[in-house]
Amino acid sequence: MKEEIYQTFCPGCGVGCGLYIREDPEGNTSVDFMKSSPANLGKLCRFGMKVPYHYSKARTMVTGSKADIEDAIKAAAHRMADADSVTMLSVGNTTSEEHMAFCRIAETLGTRVDTGVFPLPSQITSKCGSYPEGISLDEMEKAKRIALFLDPYVQYPLIVRRLLAAKRNGAGIVAVGTKELHLADETLDIGPDRYDELGLDDKSLIVADIHPNSDPVHVKQLLDLAGRCGAKIHFMQPFINSTGVNLALKANGSMMALAQIMEDIEAGNIRTLVTLDSDPVELMPDAAAAVETLKKLDNLIVISSRASPVTELADVVIATEPVYMKAGTFMNVEGRLQENSGSGVAGIDAMSLLNGELGGKRFDYQQLHYIFMKSIGDPGTDVGDVTADKAEQMECGSVDVDNAGSSVPEGMYQLKYLYNPFMWFDQKDDNDFVLIDRKLVKKLGLKKGGMVVLGSENGKMKMRYRVENIPGGMIMTAKKIPVATGPNTIISLEGC
Amino acid sequence: MVEIGDKVLGYATDPGIRNRGASGGMVTAILAAALERGLVDSVIVLRHINEYEAVPVITDDVDEVLASAGSMHTVPVNLAKYAAGRKVAMPGKPCDVRAVFEQAKRNEIDIDNTFIIGLNCGGTMHPVLTREMLVRMYEIDPEDVVGEKIDKGKLFFRTKDGEEKAIPIDDLEDAGYGRRESCRYCDVKIPVNADLACGNWGVIGELAGNATFCEVMNGKGVRLLENAIESGYVQIEPAGEQSIAIREKVNSAMLSLGEKWSARVFTEIPEEQRINYYMEQFADCIDCGACKEACPVCTCDEDSKCTMYHSLADDYKMSMYHMVRLLHLSDSCIGCGQCSDVCPVDIPVTSIFRRFADPAQKKHNYKAGMTLERPPFLEVMLK
């Protein structure tokens with residue numbers, strides 16, 4: 001057996017960085033650079049460089065025991081057919097074609113697929129971009145003023161070079177509510193009531209992100225800001241095919257946020273959950289709480305290309321090939337449709353069989369590919385360098401916002417997650433520390449190389465710290481930690 | 001009978017290879033012969049994906065070697081790391097060859113088992129920037145391109161309809177296109193450290209465009225060439241005085257251009273500003289580690305000094321990772337440009353490392369990757 005080389009894309013976020021996966025005859029994988037990839041010119045971030053660690057193969061299981069694929073499909077079909085209702089979740093970690101296969105199963109069951117992202121508002125005054133596919137990353141370099149509502153270095157590293165290019169082209173960059181960023185001309189710690197001070201106009205660009213744990217209130221505030229000043233908004237997205245699945249789903253109607261799904265499971269309104277390459281334990285801010293919630297399900301059926309906490313909890317696991325081996329397409333955050341070189345259709349074949357077991361029609365890759373292409377535009381268009389042009393323009397403008405916000409009690413702090421690829425997949429990295437402000441170091445009397453104790457209703461834990469200039473009263477971390485109860489958590493902090 | 005020091009003109013005897021390969025397909029034919037007759041177990045070649053992309057593969061399939069024929073100036077990879085631990089033949093630009101030597105100094109590559117057919121190199125280009133250049137400078141649809149060549153200071157592109165368009169490389173580079181920065185100031189154009197030094201410089205008259213000038217540099221070169229001749233893959237004839245002179249003239253011109261670029265890139269930074277210069281250059285680093293991974297002379301594992309002394313929790317203004325690497329590479333950096341290519345925030349890593357390494361290498365009259373005779377000046381050579 002020879003070395004296999006796959007042309008594929010980094011699963012770490014929606015930028016869709018092209019890369020090669022080399023698989024040696026023993027099955028060991030390594031990453032290599034694909035310099036002709038237009039989204040990234042072969043460049044990769046820290047996650048991309050470690051992407052072979054991401055591909056831990058799942059095993060097909062039924063009630064905790066290894067099973068063959070046919071038995072697992074029958075077991076899944078039996079559970080799904082007997083359920084009163086079935087909730088289906090696919091956040092965008094796999095190909096468009098597999099997602100369409102999942103949607104066909106949903107149709108057979110008379111349900112829909114949710115992407116875990118809340119629906120965007122539809123109030124209108126002016127057009128400020130489109131969602132889910134945003135502006136091209138080249139266009140980002142041409143903005144005259146950019147307001148950043150995320151930390152690109154940690155969260156979406158491949159846009160740093162785009163922002164630096166914009167700066168070389170004369171753009172002014174202002175970072176809002178994050179740590180001091182080297183590429184920003186200024187960093188402002190201001191709330192929505194002062195966003196007009198950002199000095200944005202119709203040649204400006206707002207860069208933020210939308211993900212399963214986004215605060216809808218904040219997203220609405222940004223849309224409102226864009227509507228007032230005429231700036232465009234570009235929403236970064238966290239998964240390799242977030243754009244594709246959200247675009248495909250747009251035609252199918254409503255979307256339910258992940259938090260709402262978990263609340264409904266907790267309340268007993270959802271008893272059967274089927275996931276496609278989407279792990280709520282990894283996705284939810286509080287992993288332990290998510291595990292307890294998922295245990296309340298009658299049926300947890302997981303279709304997955306990789307092993308993760310949810311495959312350990314599932315009643316049935318239908319394992320598919322790693323993402324890099326799959327035949328199929330992904331749409332990146334700028335609406336660029338990109339195609340894997342792999343020819344694997346095990347995932348699609350499994351879902352076809354499952355659909356057949358449920359009384360639906362069988363399907364194959366070519367049919368699903370056609371359906372997806374049709375859903376985003378001209379089905380006759382060649383895949384490879386297609387940019388979706390059928391997405392609705394994102395509508396911005398005056399939005400009613402519940403602006404109550406959460407206040408931080410005296411002596412407490414707000415722990416903010418800096419969502420990044422390692423965090424979304426709970427993958428190990430050298431990131432077990434929190435960012436704290438210099439003044440806080442002094443206040444707590446911390447010593448170099450020391451630790452801090454973070455406390456919340458979930459308990460206490462020690463962590464290393466790194467000193468940064470960050471907004472007062474805020475603690476940040478790029479690692480998912482047990483004391484967090486949400487993307488933002490009120491915590492106590494002590495030195496030790 | 002081939003001897004060390006011979007300078008010959010040669011080409012593949014098979015018309016198919018000769019037509020498909022660059023400059024008469026001689027390099028492809030020598031590689032195929034080495035594999036077919038068991039001189040090596042495998043060959044490193046570029047598997048073509050399209051006009052702007054190819055991926056290095058290690059193959060024991062002669063057909064795959066033959067299919068790889070043709071030069072690709074828009075595939076700026078370095079092949080040295082793929083040779084580690086193998087009895088292998090490979091084509092190599094000067095920077096590939098230099099990296100092989102640095103690997104050999106650290107016992108990662110057995111130089112006796114590594115047969116290198118060096119390729120003259122005036123520089124390579126980035127594929128994405130090349131596509132952009134074709135649209136903006138040449139007004140050519142990149143998908144229409146079927147071939148390219150560098151000749152007499154111009155970069156030519158040939159399109160499907162048979163048309164050829166050329167623009168002086170100087171004009172392209174002034175516009176921000178053309179060769180990668182590290183190629184512009186590179187100071188080795190003919191790979192005299194390879195076993196065979198091949199290229200089209202000096203191929204004149206009827207053979208122009210259909211043959212390769214080849215200099216036999218050592219005993220392995222003799223074996224490679226004799227093997228290819230004996231197997232009927234290659235035909236050679238002695239290079240004439242005029243060919244030799246033209247080859248040297250082109251080399252001198254390229255080196256002279258490199259010196260000019262070097263002066264342009266490496267402007268003096270006052271001593272009191274140097275620490276700030278290095279800190280500012282690395283300030284946008286996102287700690288991806290790609291520059292280490294892509295470095296063809298780095299032989300360290302994942303856990304190495306530069307990574308073990310570094311922690312994301314540190315708040316040094318310049319990370320230990322960069323400080324260790326600047327020092328570590330000062331006796332081994334060959335200026336190949338791989339680190340700059342893969343830097344996700346576009347830090348000109350190669351030029352920064354060259355700036356740091358050059359004074360030390362000049363002080364020791366040391367040029368990394370040129371010979372095994374000179375050990376690295378900062379460490380013990382394992383060979």
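This is a predicted model: local features need pLDDT of at least 70, side-chain atom pairs count only at pLDDT 80 or more; totals for chains, interfaces and linings use all residues.
Strand 7 (residues 154-159) and strand 8 of chain B are joined by five bridges. Within that pairing, Phe156(B) has Ala166(B) of strand 8 as its bridge partner.

**The eight-stranded sheet of chain B**

Chain B also holds an open sheet of eight strands, in the order 3-2-4-5-9-10-1-11. Here the pairing is mixed. Strand 3 (53-59) and strand 11 (234-238) of chain B each have a single partner strand, so one side of each is left without a neighbour in the sheet. From one strand to the next, the twist averages 30°.

Strand 5 (residues 114-119) and strand 9 (residues 196-199) of chain B pair in the parallel sense. Helix 4 (residues 94-105) of chain B lies across strand 4 (88-92) and strand 5. The helix runs at about 150° to strand 5 of chain B.

**A hairpin in chain A**

Strand 2 (residues 18-23) and strand 3 (residues 29-33) of chain A run antiparallel. Glu23(A) has Thr29(A) of strand 3 as its bridge partner. Five residues lie between the strands of this hairpin, and Gly27(A) takes a positive phi near 90°.

| Strand pair | Sense | Bridges |
|---|---|---|
| Strand 7 and strand 8, chain B | antiparallel | five bridges |
| Strand 5 and strand 9, chain B | parallel | three bridges |
| Strand 2 and strand 3, chain A | antiparallel | five bridges |

**Nonpolar cores**

The largest nonpolar core has 249 residues. Those with the most contacts inside it are Leu148(A), Ile206(A), Ile30(B), Leu31(B), Ala34(B) and Val43(B). Helix 2 (residues 26-36) of chain B gives the most to this core, with nine residues. Another core, of 10 residues, lies apart from it and includes Met133(B), Leu134(B), Ile150(B) and Leu155(B).

Val43(B) shows the packing in detail. Leaving out residues up to four places away in sequence, Val43(B) touches Leu31(B), Ala34(B), Leu35(B), Thr59(B), Val65(B), Val88(B), Ala89(B) and Met90(B).

**Domains of chain A**

The domain assignment of chain A gives domain 1 (57-404) and domain 2 (413-495). Their contact takes 16 residues from domain 1 and 22 residues from domain 2. On the domain 1 side, helix 5 (152-155), helix 10 (280-283) and helix 11 (287-294) of chain A each supply at least two residues. That side has six nonpolar, four polar and six charged residues.

**Where the chains meet**

In the contact between the chains, 28 residues of chain A meet 28 residues of chain B. On the chain A side, the elements that give two or more residues are helix 1 (46-49), helix 6 (160-168) and strand 24 (459-468). The residues of this side divide into 16 nonpolar, four polar and eight charged.

How values were computed
Residues are numbered from 1 along each chain as its sequence is written. Chains are lettered from A and ligands numbered from 1 in the order in which they are written. A nonpolar core is a set of buried Ala, Val, Leu, Ile, Met, Phe, Trp, Tyr and Cys residues joined through C-beta atoms within 7 Å. A residue is buried if 20 or more other C-beta atoms lie within 10 Å of its own, exposed if 12 or fewer, and partly exposed in between; C-beta atoms are placed from the backbone. Helices (H or I, at least four residues) and strands (E, at least two) are DSSP runs, numbered from the N terminus. Two residues are in contact if their C-beta atoms, placed from the backbone, lie within 7 Å. Domain bounds come from an automatic or database domain assignment. Ala, Val, Leu, Ile, Met, Phe, Trp, Tyr, Cys and Pro count as nonpolar, Asp, Glu, Lys and Arg as charged, and the others, Gly among them, as polar. Two strands pair if DSSP finds at least two bridges between them. Axes are lines fitted to C-alpha atoms, for helices over the stretch in contact, and angles run from 0 to 180 degrees between N-to-C directions.
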